[in-house]
Amino acid sequence: MNIFDIFKRIETPAAAVKPIEYIVAGLGNPGDKYSRSKHNVGFNTLDLLSSKQGFTINHSKWNALYTDTVFCGRRVLFVKPQTFMNNSGQAVRDICDFYKIPPEKLIIIYDDINLLPGCIRIRSKGSAGGHNGMKDIIFQLGSDNFPRIRIGVGEKPEGWDLADWVLAPFSEDDGKKVSEAISNACDALTVMLESGIDAAMAKYN
């Protein structure tokens, strides 16, 4: 093999020549203590997607773990805020400001107690719906005009404190349903980036 053959085998990564087009943030709490909790399905979705696609979310900046990669032909920054759930907006705001990403190019993946376990819902914008992480993101951005994928974790039973419920692990039955929902969320994200949010909503809502 001569030097020209070597150069032909070296390809410039698409991520090195394209601007960041989307930021996809999965919400959760850092640390093994919370890894199996209902509140961490956003993190879990990015973990599954990264294992399927062969990238690792292991760079640290802006109070977040992130990776910069090409997904569905687009340069995407995948982000896991490390500020704990209620302050998720700090990391999201700083990253959006740094890359000058408008809200409509930000996609948030998170848990929703208003949906049954295993359900997912896609929306182009909207209120926080009582979710503290989303409340902080909307406050920090000054906008709710960003797409989101909501993963149902189920309503808290009577007598439960809400914080205890979302920080608890799933039952075996609900865990199976939510695992399928997380896989569907990965597929829905693919459709969103390839064909647009309307196509994803028509297929998965």
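Buried means under 20% relative accessible area and exposed means over 50%, with partly exposed in between (1.4 Å probe, protein chains only). The views below show a predicted model, in which local features need pLDDT of at least 70 and side-chain atom pairs count only at pLDDT 80 or more, while totals for chains, interfaces and linings use all residues. Residues are numbered from 1 along each chain as its sequence is written, and side-chain values use heavy atoms, with hydrogens and water left out.

View 1. Let us start with Glu-172 and Lys-176, both of which are exposed. Both residues belong to helix 6, 4 residues apart, or about one turn of the helix. Helices (H or I, at least four residues) and strands (E, at least two) are DSSP runs, numbered from the N terminus. An α-helix has 3.6 residues a turn, so residues three or four places apart point the same way. Glu-172 and Lys-176 form a salt bridge, with the closest N and O atoms 4.0 Å apart. A salt bridge here is a side-chain nitrogen of Lys or Arg within 4 Å of a carboxyl oxygen of Asp or Glu. By this rule there are 7 salt bridges.

**View 2. A salt bridge between distant parts of the chain.** Here Glu-21 meets Arg-74 in a salt bridge whose closest N and O atoms are 3.4 Å apart. Glu-21 sits in the loop between helix 1 (3-9) and strand 1, while Arg-74 is in strand 4, 53 residues apart. Glu-21 is partly exposed, because its relative accessible area is 24%. Arg-74, at 26% relative accessibility, is also counted as partly exposed.

View 3. Arg-75 is found in strand 4. Is Arg-75 buried or exposed? With a relative accessibility of 14%, Arg-75 counts as buried. The side chains of Arg-75 and Asp-68 are joined by a polar contact of 2.5 Å. A polar contact is a pair of N or O atoms within 3.5 Å; within protein, one must be able to donate a hydrogen and the other to accept it, and residues adjacent in sequence count only if both atoms are side-chain atoms. Arg-75 and Asp-68 also form a salt bridge, and Asp-68 is partly exposed, with a relative accessible area of 26%. On the backbone side, the oxygen of Lys-18 lies 2.4 Å from a polar atom of the Arg-75 side chain.

View 4. Strand 2 (residues 59-61) pairs with strand 3 (residues 64-71) in the antiparallel sense over 3 bridges; two strands pair if DSSP finds at least two bridges between them. Ser-60 stands opposite Leu-65 in strand 3. These two strands make a hairpin with 2 residues between them, and Trp-62 in the turn has a positive phi of about 55 degrees. Strand 3 also runs antiparallel to strand 4 (residues 74-81), joined to it by 8 bridges. The bridge partner of Leu-65 in strand 4 is Lys-80. In the hairpin of strand 3 and strand 4, 2 residues lie between the strands, and Cys-72 in the turn has a positive phi of about 55 degrees.

View 5. In which order do the 7 strands of the open sheet stand? The order is 2-3-4-1-5-7-6, with mixed pairing. Strand 2 and strand 6 stand at the edges with a single partner strand each, so one side of each has no neighbour in the sheet.

**View 6. The nonpolar core around Leu-189.** The largest nonpolar core has 30 residues, and Val-24, Phe-78, Ile-149, Ile-151 and Leu-189 touch the most other members. Such a core is a set of buried Ala, Val, Leu, Ile, Met, Phe, Trp, Tyr and Cys residues joined through side-chain atoms within 4.5 Å. Helix 6 gives the most to this core, with 10 residues. Neighbours within four places in sequence aside, Leu-189 is in contact (heavy atoms within 4.5 Å) with Val-24, Leu-49, Phe-71, Phe-78, Ile-107 and Ile-149.

**View 7. Helix 4 and its neighbours.** Several residues of helix 4 (residues 132-141) are buried, among them Met-134, Ile-137 and Ile-138. The buried residues of this helix pack against helix 3 (88-99), strand 5 (106-112) and strand 7 (148-152). After helix 4 comes Gly-142, with a positive phi near 70 degrees.
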